[in-house]
Amino acid sequence: MTSVGDEQASPGKRAAVAVAITAVLCLVAVLLLGPDAYLWLKAVHVIAVISWMAGMLYLPRLFVYHSEARPGSELSETLKVMERRLLRIIVNPAMVAAWVLGLWLAWQGGLFGAGWFHAKLALVFTLSGVHGYFSAAVRRFAEDRNTASTRHWRIWNEVPAALMVGIVILVIVKPF
């Protein structure tokens, strides 16, 4: 079920466009704001991370409800639209912005040599893998091919939160 305005471009093409737009906006910010750009882009990075996490916490909750719905039912069709729009309009662009801005901030801040940053990066890579798993789940639900149980999705609902806790502790405490 598609609605007007839902684009059928490939995920790779949408990601490339999102990366390009984010990079251009970063460049514009740096040119216009000079040294103040770092703090502004850091603020936008935090906003992107919050948006990404909100979606990563909400998607598996939708999957719990969807796995309980009868395929083809009104509820199932509504959840398909909600999942697709959440992923395409909020979660994917937020992840791209978080990555692009985060890497730029790390480069500007000279963080690539810090041990805590390597650990944080490993957790962010893991979170990105979970994002990919959720993206594939959205496609499976859209095709009425989900085979995972409600319990499965309840467990996966906790994974982004656990990763977020580790990431925040590493960024704030910088234990090593």
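Trainee: How much space lies in the second largest pocket?

Mentor: Bear in mind that this is a predicted model. The second largest pocket holds about 700 Å³ of space.

Trainee: Which residues lie closest to its centre?

Mentor: The second largest pocket is lined by 28 residues. H45, V49, K120, I167 and V171 are the closest to its centre.

Trainee: Which helices supply at least two residues of the lining?

Mentor: Four are to be named: α2 (37-68), α3 (74-109), α4 (115-142) and α6 (159-173). The largest share is from α2, with 8 residues.

Trainee: What is the lining of that pocket by class?

Mentor: Sort the residues into classes, then count. The lining has 22 nonpolar, 3 polar and 3 charged residues.

Trainee: Which residues of α6 are buried?

Mentor: Buried means under 20% relative accessible area. In α6 that applies to P160, L163, I167 and L170. These residues cover an arc of only 95° around the axis, so they sit on the same side of α6.

Trainee: What covers the buried residues of α6?

Mentor: The cover includes α2, α4 and α5 (150-156). On the other side of α6, A162, I172 and V173 are exposed.

Trainee: What follows α6?

Mentor: K174 does, and its phi is positive, near 50°.

Methods
Residues numbered from 1 in each chain as written. Predicted model: local features only at pLDDT ≥ 70, side-chain atom pairs only at ≥ 80, totals over all residues. Heavy atoms only, no water. 1 Å grid on protein atoms, 1.4 Å probe; cavity = no way out; pocket = protein on both sides within 12 Å on 5 of 7 lines; lining within 4 Å. Points joined across faces, edges and corners; volume = space filled by probe spheres on them. Nonpolar A, V, L, I, M, F, W, Y, C, P; charged D, E, K, R; others polar. Buried < 20%, exposed > 50% of the residue type's maximum accessible area, 1.4 Å probe, protein only. Arc of directions from axis to C-beta. Contact = heavy atoms within 4.5 Å.
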